[in-house]
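Dear colleague,

Please find the structure below, handed over for your use.

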Amino acid sequence: MAPSEVSGSAADPDGLEDRLRRFATIWSRAVFPVTATSLTRVEIEQHLLPLARQLSESLHAHTFDARAVQKIGGALIDAHCTDPEALSRTLGVIDAYLVLYCGDPGVEGRGADQAAEDSRARCARLQHALAAGYAYGLRERTRAEQEAIAHSSLAARNAAVSALHATETRLRAVFEGAAIGIAIADLEGNILEVNETLTRMFGGLEQHVRGKKVTEWSHPEDRPHVWQLYRELVRGEREHFRVEKPFFRNDGTVLWTNLTVSLLRDADGRPQYQLALLEDTTERRLLHLRLRYEATHDALTGLPNRTLFFERLEKALSGGEGSRFGLCYLDLDGFKAVNDSLGHATGDRLLVEVADRLQSCATAPGEMVARLGGDEFVALTTGPDTEHEVDELAARILSALASPIRVDGREFTVRGSIGIVEGPAGERTTAEVLRSADITMYRAKSAGGNRYETADPEADARAITRHGLTTALPAALERGEFFIEYQPLVDMCDGKVHGAEALVRWCHPQHGVLGPDQFIPLAEHTGLIIPLGRWVLQEAVRQARYWQEHHADLGPVRINVNLSPTQLQHPGLVKETVAVLEGSGLAPGSLCLEVTESALIGADEGLLRPLRQLAELGVDIALDDFGTGYSNLANLRRLPVSILKLDRSFTKGMQHLPVDPVDLKIVEGIVSLAHSLELAVTVEGVETGAQADQLRELGCDTAQGWYYARPGPPEKLHALSLADAV
């Protein structure tokens, strides 16, 4: 051992070199008893150590090189490990110890399981390549010995006869005891000799193997070029070929082999015999098929899973001219409630029943059903007429789910929403098709569920835009892309600006300026409305304080800020509002928080408590969009509001003369009711002078709308246009 190796082992007793030596020791102990050599076991171990190092390198190589491993099999022949038992023991040592001693010990967790599985697969390929190299080396050694015998016969006949006898004895021992099947046939394909291993591989009866012709061993799964290679070999155009080939056994079962066929020539170089080496790979192939099935099928339902479905979809999308596809993306409506209330075990049994019904809906050629995960399923149909077939498939699915499903003594009515994508192959990618199907499915769910919708490019584009805005919202707030415009609130008596409503805008880098209706619902859905609303409140209060300090001559200005339903339920609403007011120095009476009527319909005392606390501090509470929520007017008495903001739908008919008397009566009644409850009335959407005059006569207190001014920057708050906007 080199000094560096000694020090390395001492420093790292579990290092790779140390593990390689232990592996070589185990290997030498296994093959030494069956090795016909004068070397000692230690010398055999020294010979095997570099071979073990090569095996380790091949196990970890980025690209598997079968030729390097085959050389190891040949090296065993060179070390006189020609006894068939030596190959068998070598393969056993590699199978049991190579990954153990030479695998990657640094991987942990789920990655360790994957790494172990990959190493076992690579180890199987190593064994296969080594066995092939061993067989090739054995053949080459045999041929070399035959040549040596031929040369020796020219020198001395007696010596040649003796050497020939010894060689034949060894060959017979190898032939009969080899761990792989060996057969010899003439050029006409008649099988002349078979060893015991090959006989066992084909069922154990030698008469069923010997005497047959090679051409009788064809199989429907033979690759087209196999017999072309065979014809080239018997014509002498190639020396050998190697293929994976199945055979039928006598009992009708299939034997899968790695087949190597070599051409044996006579002393004059003319083709004479065929030598076939067969390695039984049936169990390995069955294992591979089982692993493939498990990797491509859902463990719960047995349906194809996401992996296999994507393979089929990609194949359908890459079809030739005239090919079309139809995809149904199904999500069960309300399935989460089953898992939450009855448990996942019941939910799983329900999914199995659903899968069986879906499977019965897709039985035609070109149709398949798969489970993507959870309660999401897909059905795919291909062919020239999928435009009609996919609608029929979706209808069959909904019909199959219509009948109640009985699980654990309970009956479940299963509903589903289906998004359909159909079109010609070659125009869209797999990701684009799945995205469109998912968007369309949610459109069907939003429409009430238990139905199917067909993909609409415009609807897809809107959904994608909404998704893009949703993902961009957090960064937009950090980058300062939001700004506030202010719309004046005009006193109906003196016509002066007494306040302003703060209206947030988003200056999007791609889409330009976006109004609140385009992003506030998204902020509500994601929860970003809380920090965004806090920012709006801070900016609006700061601006109101600025107006009071620098434009006191224009009179007091009250700032109105909108509160969303999510903000209303935020536990820190009161505390944060008080902190903003105290930080800016703005009096509570200069702030009005607007809450939509729909947010307060049926509100309990817990929801109203923060509003009451703010009202007690002096903050005005306005009931926004009054008249659109169908609330009970009697509820106004228990709400902590001081202002009603009348929705523009009540006053739109007053924009032009003559005014509808019914509209007048309705507004007059609401104003009278509000004043009797000591509530001020603000009117939205005032767009003409005639409308403003009528509302003033009806007793409205304040108004806002394009007649007075459109929302704008803070410096233009007091610049009123007083011009009809319609």
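Residues 241-293 are 23% helix and 57% strand, with end C-alpha atoms 31 Å apart; helices (H or I, at least four residues) and strands (E, at least two) are DSSP runs, numbered from the N terminus. UniProt, in an unreviewed entry, places the feature "domain: PAC" at residues 241-293. UniProt positions follow the numbering used here, feature names are shortened, and annotations may be inferred rather than shown by experiment.

This is a predicted model, in which local features need pLDDT of at least 70, side-chain atom pairs count only at pLDDT 80 or more, and totals for chains, interfaces and linings use all residues. Residues are numbered from 1 along each chain as its sequence is written, and side-chain values use heavy atoms, leaving out hydrogens and water.

Strand β6 (residues 324-332) is mostly covered, with nine of its nine residues buried (under 20% relative accessible area; exposed is over 50%, partly exposed in between; 1.4 Å probe, protein chains only). In a regular strand, side chains alternate between the two faces of the sheet. From β6, R324, G326, C328, L330 and L332 point one way, while F325, L327, Y329 and D331 point the other way.

Two strands pair if DSSP finds at least two bridges between them. β6 runs antiparallel to strand β8 (residues 376-383), joined by eight bridges, and C328 stands opposite A379 in β8. With strand β11 (residues 416-424), β6 pairs in the antiparallel sense over nine bridges; there V421 is the bridge partner of L327.

Yours sincerely
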